[in-house]
Amino acid sequence: WQLLIPRRKTEPPLVFHWLPIIGSAIEYGNNPLKFFLTCREKYGDVFTFILFGRRVTVALGAKGNNFVLGGKSTAFGAEEAYKHLTTPVFGKDVVYDVPNHTFMEQKKFIKVGLTRDNFRKYIDMIVDEVETFLNTDPAFNVYQTGDTSKWGQFDALQVLADVTILTASRTLQGKEVRSSLDKSFSNLYADLDGGFTPINFMFPNLPLESYRKRDAAQKKMSDFYVQIIQERKKGNEHEDDMMASLMSQSYRSGRSLKDHEVAHIMIALLMAGQHTSSVTGAWALLSMAAYPDFIEALYKEQVQRFGTSDGKLRPLNYEEMRDLPLLDAAIRETLRLHPPIHSIMRYVREDASVPPTFAAPSKDATYVIPKGNYVLASPLVAQMDPSVWRNADKWDPYRWSDPEGVAAQALKTYVDGNGEKIDFGFGAVSKGTESPYQPFGAGRHRCVGEQFAYLQLGTILSTLVRNLDMKIPTGVPQNNYHTMITMPKHPRNIHYRRRN
Ligand code: HEM
């Protein structure tokens, strides 16, 4: 119905398309970066395209990010944009299924569970999971022989997906989830995940088998978590993890979280972190492997920081890991070139004027985006903008250590956006909304998992680099944009050799 409303003169330009309703869905879906850049050339930084019957107004660049992500929640709503995708997967009464002020309280509860004390404990657990994986998974059969001269191969995405869920469940999700991972839990996860695709985003109510499976899995998974919560309530053992933290908290009204709310927040964390982190780890490894010198530099960084006089490496620890500039730059640069979430959307709740300092049809006119449209910011476009970044499409982690370089400047804006002091090392925390570097979003919906993601990725990558020499003769793979999160296409096999 949105398309039946006649366009007003003040609206941003509409991208030309041949197919009604479908609009530009195919160009956008195949390659959003190319589509946005082509449109930017024709129409400027602000334009509207049709996406399966929706009008989506794109606002590009750092100013576009600021416009969309810094917009008030009364003007731009995330709930309408994401609810139909996330509620069937996460469950009711959490995240986008509740009014924004309630979700903001839930986000605070999550933050309480992400303490430094917990992070300190997580490092050993993550290392243990990755080393066990190296010693047992068939992908590492050559490693397991102990032979340091032979090369083996592994699928970067598959391995990272496996170790990400193993390590996230061992740490954030709690011991009950970790111990069920080899049994029923992973099947439920797979079915639930099958409902987290672009099709589900576009068409929430198709009579598809995958939707039926998703709904059944959501119910079972929710029951599984609720059962853990109830068992914990009965027992005397006190856990000190995310679930325990959520169970102990109350809303401002004084009401404590209901069991199903705790369960659904846990599912939301699982789903929000799994693909984003695993795909980032895969891209990082693939990019590093394409520059074997860089892998060696990373290994040297480990030796310099953790080497002992008898030629061994001390175990990783949280404090020292926060000071590994090369590893940090590798993750940061990977997130610049491959932000897993290339488009961030909001629903326009009331007519919104675009500031003329950002974009305008003429000197004395202003664009107005009508209520009912969606707005879209693209971290990907800003992060690959050649007018901002030198050799924008080259993976160059060293750009982050050049104090005069654009990257450092971008980070500075990122930091200074809200005048907030940030914590360098494991991820930057800032609420600043105007920046060309925002892989974790910005503003009120900014990612809560950033520090955990850095910790998890940093520990996984360090452990792999400590144990393996790696290269990728086929080069860094192409992007697959057809999935919810931008994935590396095949071939993506990394060749590895056990370090001596
Ligand atoms: C939100 C990226 C890992 C939990 C977001 C957003 C981005 C993002 C761009 C903003 C979405 C928007 O504004 O619409 C990433 C990346 C990650 C990562 C690149 C890893 C490399 C995680 C992890 C967790 C997590 C590990 C959980 C432990 C969340 C949650 C939100 C969110 C709950 C919703 C915030 C809201 O709407 O207010 N993430 N994320 N993320 N992220 Fe992450």
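How many nonpolar, polar and charged residues make up the shell around the ligand? By class, that shell has 16 nonpolar, 7 polar and 4 charged residues. Here Ala, Val, Leu, Ile, Met, Phe, Trp, Tyr, Cys and Pro count as nonpolar, Asp, Glu, Lys and Arg as charged, and the others, Gly among them, as polar.

Before going further, a word on the model. It is predicted, so local features need pLDDT of at least 70 and side-chain atom pairs count only at pLDDT 80 or more, while totals for chains, interfaces and linings use all residues. Residues are numbered from 1 along each chain as its sequence is written, and side-chain values use heavy atoms, with hydrogens and water left out.

**Around the ligand**

Of the 27 residues around the ligand, Tyr82, Tyr96, Lys107, Arg346 and Cys447 come nearest; a residue is near a molecule or strand if one of its heavy atoms lies within 4 Å of it. The iron atom of the ligand has a single protein donor, the SG atom of Cys447, at 2.3 Å. Donors are N, O and S atoms within 2.8 Å of the metal (3.2 Å for Na, K and Ca), and water is not among the atoms, so sites may look incomplete. Cys447 is found in the loop between helix 18 (406-416) and helix 19.

The elements that give two or more residues to the shell are helix 5 (100-113), helix 13 (259-290), strand 5 (344-348) and helix 19 (450-467). Helix 13 gives the most, with 6 residues. Helices (H or I, at least four residues) and strands (E, at least two) are DSSP runs, numbered from the N terminus.

**Cavities**

On a 1 Å grid over the protein atoms alone, a cavity is a set of points where a 1.4 Å probe fits but cannot get out, and lining residues have an atom within 4 Å of a point. Among the residues lining the largest cavity are Phe76, Arg346 and His445.

5 strands form an open sheet of mixed pairing, in the order 1-2-8-5-3. Strand 1 (46-51) and strand 3 (76-77) stand at the edges, each with a single partner strand, so one side of each is left without a neighbour in the sheet. Two strands pair if DSSP finds at least two bridges between them. Strand 5 and strand 8 (residues 374-377) pair in the antiparallel sense over 4 bridges, and Met345 stands opposite Leu376 in strand 8.

**Backbone details**

The peptide bond from His490 to Pro491 is cis, with omega near -5°.

Note on methods
On a 1 Å grid over the protein atoms alone, a cavity is a set of points where a 1.4 Å probe fits but cannot get out, and a pocket is an open set with protein on both sides within 12 Å along at least five of seven lines; lining residues have an atom within 4 Å of a point.
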